[in-house]
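Subject: Structure handover and notes

Dear colleague,

I am passing on the structure below, together with notes on what was found in it. Please read the notes with the model open beside them.

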Amino acid sequence: MALKLAYTAFMAVLVPTYGWYYGPTNFLYFCDISLILTLWGIWTERALPISMGAVGILAPQVIWVADFTAGLFGLPITGMTDYMFKSENSLFLRGLSLFHGWLPFLLIYLVWRLGYDRRAWTAWSGLAVVVLAVCFFAMPAPRPDPGLTPVNINYVWGMSDTAAQTWMSPYAWFGLLVVGIPLALCGPTHLALRAVMPKAVRR
């Protein structure tokens, strides 16, 4: 119950704050979707939403943690956490974004407690493809000065929020994500969780 209340209190601050500063489209980010799935899973004590959040974001959040830690020493790896070191960004908002650092560990703990639902990879992959399509076809592309407006959500135009990638056509990049995220990013996580975590009892 203590964990349920603490997590709910955090979400009660984060959701309206992000909604006010970033707008509702911010919740299309995979990490934010995982936050919501985790809230659902914590209160219902169902393994599927917890497992979906875990299989979906464990690998990219490990990269986030590594990049942020390296950034503390002035040696960023990917640049995905550069916003955490910009003084013009609100310290309060950056503090809330530290959930990227602790959420993966919380999900590992919850999967260990509730078990890993083997349906999670399929469910997350289907959700991810739909969200990617919405982000690519309906959400803003990168632009030189995006401010707090969410652009290039889930990197559907490349790794930069200020300019689209030019390595390949936009549709080829989008297709690479649609195939690569389920198979190359989430697939190994699914196999690892299946191997080391207890199997969930379906409810």
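In which helix is the place of Leu-72? Leu-72 sits in helix H3, where helices (H or I, at least four residues) are DSSP runs numbered from the N terminus. Before the rest, two remarks on the source. This is a predicted model, in which local features need pLDDT of at least 70 and side-chain atom pairs count only at pLDDT 80 or more, while totals for chains, interfaces and linings use all residues. Residues are numbered from 1 along each chain as its sequence is written, and side-chain values use heavy atoms, with hydrogens and water left out.

Leu-72 counts as exposed because its relative accessibility is 53%; here exposed means over 50% relative accessible area, buried means under 20%, and partly exposed lies in between (1.4 Å probe, protein chains only). Together with Phe-73, Leu-75 and Phe-85, Leu-72 forms a nonpolar patch on the surface, with about 470 Å² of accessible area together. Such a patch joins nonpolar side chains (Val, Leu, Ile, Met, Phe, Trp, Tyr) within 5 Å, or like charges within 9 Å, from residues with over 30% relative accessible area and no salt bridge, and the areas come from the Shrake-Rupley method with a 1.4 Å probe, only the protein chains shown counting as cover for residues.

Helix H1 covers residues 2-21, and its 20 residues reach 29 Å from first C-alpha to last, close to the 28 Å expected at 1.5 Å a residue (the expected span being 1.5 Å times one less than the number of residues). Its buried residues include Tyr-7, Phe-10, Leu-14 and Tyr-18, and the buried residues of H1 pack against helices H2 (30-44), H4 (91-96) and H5 (99-114). Just after H1, Gly-23 takes a positive phi of about 90°.

Leaving aside residues up to four places away in sequence, Trp-124 is in contact (heavy atoms within 4.5 Å) with residues including Phe-30, Ile-33, Met-52 and Cys-186.

How many salt bridges does a search of the whole structure find? The search finds 2, a salt bridge being a side-chain nitrogen of Lys or Arg within 4 Å of a carboxyl oxygen of Asp or Glu. One of them joins Glu-45 and Lys-4, whose closest N and O atoms are 2.8 Å apart. This pair links distant parts of the chain, 41 residues apart, with Glu-45 in the loop between H2 and H3 and Lys-4 in H1. Glu-45 counts as partly exposed at 40% relative accessibility, whereas Lys-4, at 15%, counts as buried. Arg-119 and Asp-117 also meet in a salt bridge (2.7 Å, N to O); Arg-119 is partly exposed at 33%, while Asp-117 is buried at 4%.

Lastly, there is the backbone to consider. Most residues other than glycine have a negative phi. Asn-152, however, has a positive phi of about 50° although it is not a glycine, and the phi of Asn-154 is near 60°, again a positive value in a residue other than glycine.

With kind regards

Note on methods:
Helices (H or I, at least four residues) and strands (E, at least two) are DSSP runs, numbered from the N terminus.
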